[in-house]
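Hi,

Here is the structure I promised to pass on to you. Please have a look at it first, and then read my notes below.

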Amino acid sequence: MSSRRQRQMEKNLKRVISDIIRHDLEIEGADLLSVTGIDITPDLQKATVYVSHIEDDEAKRDAVIKRLRRQERSIRQALANELPLKHIPDLRFREDESIKRAARLNNIMQELREEREQRNRERDT
């Protein structure tokens, strides 16, 4: 369970990193990118930044994430200018897979409903 201090830091990092990505970086496709969550270690030294990209093409999505990872140092510098912290955590960008998993589960549920309806129709005839 994260401490109040971790939660506050995660909230601040999410807000500022989102603004930096949207306004300060020149990454093609960044306008379709959103920071969905941040996990910071208890010592506040490392933060995993989860991002989601609204792009169907997996290659394009991966390219945006790679460009974002190459900008980690620039983002940390921008964070240092925006947040009054002694230490800016090391950043690790990861694609948030929860949206993909939810869509996959939704598809499976839909298929199961359709199969059940088909069986019910066959049984009724």
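To start with a question: which backbone oxygen does the side chain of Gln6 reach, and at what separation? That side chain reaches the backbone oxygen of Ile40, at 2.8 Å. A polar contact here is a pair of N or O atoms within 3.5 Å; within protein, one must be able to donate a hydrogen and the other to accept it, and residues adjacent in sequence count only if both atoms are side-chain atoms.

Before the rest, two notes on the source. This is a predicted model, in which local features need pLDDT of at least 70 and side-chain atom pairs count only at pLDDT 80 or more, while totals for chains, interfaces and linings use all residues. Residues are numbered from 1 along each chain as its sequence is written, and side-chain values use heavy atoms, with hydrogens and water left out.

Gln6 sits in helix 1; helices (H or I, at least four residues) and strands (E, at least two) are DSSP runs, numbered from the N terminus. With a relative accessible area of 7%, Gln6 is buried. Buried means under 20% relative accessible area, exposed over 50%, and partly exposed in between (1.4 Å probe, protein chains only).

Now the strands. Strand 1 (residues 33-40) pairs with strand 2 (residues 46-53) in the antiparallel sense, over seven bridges; two strands pair if DSSP finds at least two bridges between them. On strand 3 (residues 90-95), which runs parallel to strand 2 and is joined to it by six bridges, Val49 has Phe93 opposite.

The hairpin of strand 1 and strand 2 has five residues between the strands. One of its loop residues is worth a look: Leu44 has a positive phi of about 60° although it is not a glycine. Most residues other than glycine have a negative phi. Leu44 counts as buried because its relative accessibility is 8%.

Leaving out residues up to four places away in sequence, Ile21 touches Ala30, Leu33, Val35, Leu68 and Phe93, where contact means heavy atoms within 4.5 Å.

In helix 3, the residues Ile75, Ala78 and Leu79 are buried. They cover an arc of only 105° around the axis, so they lie on the same side of helix 3; the arc is that of the directions from the helix axis to the C-beta atoms. The buried residues of helix 3 pack against helix 1, helix 2 and strand 3, while the face turned away from the buried side carries the exposed residues Arg73 and Asn81.

Lastly, Arg104 is in helix 4 (residues 98-124) and counts as partly exposed, at 48% relative accessibility.

Best wishes
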